[in-house]
Amino acid sequence: MKVQTIKVEEAIGKVLSHDLTKVVQGECKDTPFRKGYIIKAEDVSELLKMGKENIYILELEPGDVHEDEAGIRLGAAVANQGVRCSAPKESRVNLYAECDGLFKVNVHVLEAVNNLPDVILSTLPNNTVVKSGELLAGTKVIPLVTEAKVIMAAEAICRQAGWVVKVVPFRKLDVGVVITGSEVFKQRIRDGFSPVITEKVEAFGSRILKIEYAPDDMEVISTKIKELANNGANIIFVTGGMSVDPDDVTPNAIKLSGAKVEKYGAPALPGAMFMLAYLDNIPVMGVPACGMFFKITIIDLILPRLLAGEKVSRKDIVALAHGGLCRACTECTYPNCTFGKGTSYLS
C-alpha cells in the first residue's frame, strides 16, 4: 500500500489516505471525507470548493482489499437464512433479522472467523428471540486495507461450515394444556396457569388448541395427554403437581402416557422441577408451580426453541446451568439480561 499525491480530478475511484475537514465560518466544522473513503466523480466539485486541488491517496497493491469491500464480503459470507446485510459504513456491515424468529449462532465457527488476523464478527447470544429488523451482528476488518487471503480464508470457513448465523422463523402450532390438581379440578381455587400459558404461546403466533382439567390422578392425566396428542396438539403443557409431595403425580402421569422422558429436573431457577418428555415427536412439558408465579421461567428458554422446530435434548437442558439463574430483579428486563444467556455453544 503506497501513499501518493495526485490532482483531485484524477482521484476518482482512489482511496483517501487521511480525513479532510470542511470549515465554514460561523456555520460548521465537519469531516465529510474520512480516511479510507473511495472518491466518486460527484465529490470532485466539493473537494475543489474545500480548496483541495491535490490530495493524498492510497494506492492498493495487488492482493489488497479495501475495508468496505472486506466488510461486504464478510457480511455476505456470514449471512444465512432470515438474515440481511447493510451497506458498509467505515467498513462495518451490520446484519439484521428478516423475520421474527430464533437467532442461531454457530459459535465454534464464529470463533474460527474471529481467530483470523484483522477480522471482527460480533453477534447477539445464541438462541436469542428476535424481531424482524432487529440488529443481530456486525462485521468489519481492523485496518484500512486487508490482505485478500485473509478475507478468502474467512469465506472458506463460512462456506465449509454451511452457516454461521441465521434466524429460524417460529412455526404456528397448536398447543394443548392439561391443568392438574384436585383443588383446581373441583373449583376450590381459581386456575392461575391458563392465562400465563396462553399469553406465552400466543406471543409467538401459536394458539391454544384446548385446555383440559384433571384431578391428582395418574390415569386421568395420562389419558388427557394422549387425547390432546390424538386431537392434533403439536406441543403439550402439563402444569402443576411436579414436586415430591404424595399428591404430586404429574411426572409419573407423563411417563404413563407413553412419553419418553428426556430430562426431569433442570438447572434453571425458576424451573428446577421442570420435565421435558416426548410422546412420539410431540414435546410434553411438565411445568412446576413457578411457571404460574414468576414472570420469566425455564418455559421462556425452552418454548421458543420448540416453536422454532428444534428437538430440545437432555444435553441442552443440562447446559442451561450456565446462565440459568434468574437474578429476580425488582424490575424485570428479560430478555435484556443474563438469564439463559450462557448456553452459547448449543446449536
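Is Phe170 buried or exposed, and what is its relative accessibility? At 15% relative accessibility, Phe170 counts as buried, where buried means under 20% relative accessible area, exposed over 50% and partly exposed in between (1.4 Å probe, protein chains only). The views below show a predicted model, in which local features need pLDDT of at least 70, side-chain atom pairs count only at pLDDT 80 or more, and totals for chains, interfaces and linings use all residues. Residues are numbered from 1 along each chain as its sequence is written, and side-chain values use heavy atoms, with hydrogens and water left out.

**View 1. The aromatic pair of Phe33 and Tyr37.** A search of the whole structure finds 3 aromatic pairs (ring centres of Phe, Tyr and the six-membered ring of Trp within 6.5 Å; planes under 30 degrees apart are stacked, over 60 edge-to-face, the rest tilted). One of them joins Phe33 and Tyr37 edge-to-face, with 5.5 Å centre to centre and 65 degrees between the planes. Phe33 is buried at 6% relative accessible area, whereas Tyr37 is partly exposed at 24%.

**View 2. The aromatic pair of Phe170 and Phe204.**

**View 3. Lys166 over the face of Trp163.**

**View 4. Lys311 over the ring of Tyr278.** The charged end of Lys311 sits 4.7 Å from the centre of the Tyr278 ring.

Methods:
A charge sits over a ring if NZ of Lys or CZ of Arg is within 6 Å of the ring centre and within 35 degrees of the ring normal.
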